[in-house]
Amino acid sequence: MTAIVSTTTNASQLSDGRVAVSARKLLINNRWVESETGKAFTTTNPATDEEICQVSEADAADVDKAVRAARAAFEGSWRTTQASERGHLLHRLADLIESNADELAALESLDNGMPITIAKAVNIPATVSCYRYFAGWADKIHGQAIPIDEGHVCYTRREPIGVVGQILPWNFPMMLQAWKLAPALATGNTVVMKPAEQAPLSALRIGELVVEAGFPEGVVNLLPGYGPTAGAAIARHMDVDKIAFTGSTEVGRLIMEAAAQSNLKRITLELGGKSPNIVFQDADLDRRPHTFGLFFNQGQTCTAGSRVFVQQQIYDQFVERSAARARKRVVGDPSDPRTEQGPQIDQSQFDKIMNYIESGRTEGAKLVCGGERIGDRGYFIQPTIFSNVRDETKIAKEEIFGPVMSIIPFKTIDEVIERANRTSYGLVAAVWTSDIKKAHAVANSVRAGTVWLNCYNLLDARAPFGGFKQSGIGRELGEDGLQQYTEGKTVLLKL
């Protein structure tokens, strides 16, 4: 996909399917402004390593400016805006996303490397669904009446937390922006958000639609920049009341530390995973649990089923089938509708994945297929499968965030449950079997925030999502995710 740097204020789709993108600025108080330092960074097309455009680089001064705008909006009219009006604005934003769906999908594919078919068929619908779901919640948030001693009245309220800092990852920029922005706005908070520097363009385009939808000044502020500067400044800021972050466990620890050392701000963390995908001998192998669960979005998903435990009776057959399907995957230009797998996000991630592949070789796993770079430009990696993987190897223990599958044999249900739980992570798990009793037995024993039975990567705005152990704190989506953006207040009255 080719980017054309234009003089237009918006990204726009051209007649040949390409996207015209101008240099991008920061959104503060509903105005597009240069950073205080005047610095900018380059965002590139991971399929070609070519520059797309320059993006203004926020730092601590810009964060302070945006937080002041968000605080003024919160203390002004936004927190007392009719709940039904907040819902109307979110529905209006969803309408605008739908009407600009082709452009947004092309922009996501260009900046992130996501295959255009995934951007259109998965990313856009999930984004719209999330905004509509939380729009429906806006006027249904309430507390309880609590009967206490005679002569007194007690009730509770759910109130917005205040100014919320949100830090986005690069793997699903638009969808994960919705996961954070929608519940925060539905509950009456204001937002200072840092899109990922690797893929900020769709988030900034959504910012233009936020303004067009009619959200008041200061309610949504977007600050593209780097983690150690803009991200750290948001996490440390004394006037930010909550942080919501999706990314690595290592950065999650830094955010917890910053929150504790500043004003003890509330936190929601959605972090890494090393998720077990358990396939019993009675599973329907034609449902392809393994290829979709691991290779989806180039393996760049926290839910990747990268530890595939397969019962010994079908182990060899499973490895053979998996390799055959992996070899048939179409890897290439993400703008081509036939492409199933695009590039990794950047050189750093590419190098990390290739190092893991080399470690798999040196630690004795059998490379069944893949393991090499594709082409001489862009960051394409062959779908890679290792068999005979031992639990203690790096590729079985550490999050790779790339198209590298480890297929591990097991014998019994008790054994596989113990081994599946032998990890510091606990984000998701999956079970493949025709025995529903066995499926629920594993689901009840595996320590993970989401367990899929005979399906994979099924996410819905109505269903809470989050992790056990070092995979995070709190939940996103569903009513549980909504409550992360409110404080409970108890009111007592003597009659």
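Is Arg-361 buried, exposed or partly exposed, and what is its relative accessibility? Arg-361 counts as partly exposed, at 32% relative accessibility, where buried means under 20% relative accessible area, exposed means over 50%, and partly exposed lies in between (1.4 Å probe, protein chains only). The model is predicted, so local features need pLDDT of at least 70 and side-chain atom pairs count only at pLDDT 80 or more, while totals for chains, interfaces and linings use all residues. Residues are numbered from 1 along each chain as its sequence is written, and side-chain values use heavy atoms, with hydrogens and water left out.

**Salt bridges**

- A search of the whole structure finds 31 salt bridges, a salt bridge being a side-chain nitrogen of Lys or Arg within 4 Å of a carboxyl oxygen of Asp or Glu.
- Arg-361 meets Glu-372 in one of these, at 3.1 Å from N to O. Glu-372 lies in the loop between strand S17 (366-369) and strand S18 (373-374), and Arg-361 lies in helix H11 (residues 347-362), so the pair ties together parts that are eleven residues apart in sequence. Helices (H or I, at least four residues) and strands (E, at least two) are DSSP runs, numbered from the N terminus.
- Asp-286 forms a salt bridge with Arg-321, and their closest N and O atoms are 2.9 Å apart. This pair links distant parts of the chain, 35 residues apart, with Asp-286 in the loop between strand S15 (276-279) and helix H9 (289-295) and Arg-321 in helix H10 (residues 315-328).
- Asp-286 is exposed, with a relative accessible area of 54%, whereas Arg-321 is partly exposed at 29%.
- Glu-159 forms a salt bridge with Arg-157, with 2.7 Å between the closest N and O atoms; here Glu-159 is buried at 13% relative accessibility, while Arg-157 is partly exposed at 40%.

**An open sheet of strands**

- Seven strands form an open sheet with mixed pairing, in the order S17-S20-S21-S16-S15-S22-S23; two strands pair if DSSP finds at least two bridges between them.
- The edge strands are S17 and strand S23 (450-453), each of which pairs on one side only.
- Neighbouring strands of this sheet are turned by 25° against each other on average, direction ignored. Axes are lines fitted to C-alpha atoms, for helices over the stretch in contact, and angles run from 0 to 180 degrees between N-to-C directions.
- Strand S22 (residues 428-432) pairs with S23 in the parallel sense over four bridges, and Val-428 stands opposite Thr-450 in S23.

**A helix across the sheet**

- Helix H13 (residues 413-420) lies across S15, strand S16 (307-311) and strand S21 (404-410), and runs at about 140° to S21.
- The buried residues in H13 include Val-416, Ile-417, Arg-419 and Ala-420, and what covers the buried residues of this helix includes S15, S16, S21 and helix H14 (436-445), where contact means heavy atoms within 4.5 Å.

**A nonpolar surface patch**

- Val-153, Tyr-155, Leu-493 and Leu-495 form a nonpolar patch on the surface, with about 390 Å² of accessible area together. Patches are made of residues with over 30% relative accessible area and no salt bridge, like charges being joined within 9 Å and nonpolar side chains (Val, Leu, Ile, Met, Phe, Trp, Tyr) within 5 Å; the areas come from the Shrake-Rupley method with a 1.4 Å probe, and for residues only the protein chains shown count as cover.
- Val-153 is in strand S9 (residues 152-160) and is partly exposed, with a relative accessible area of 33%.
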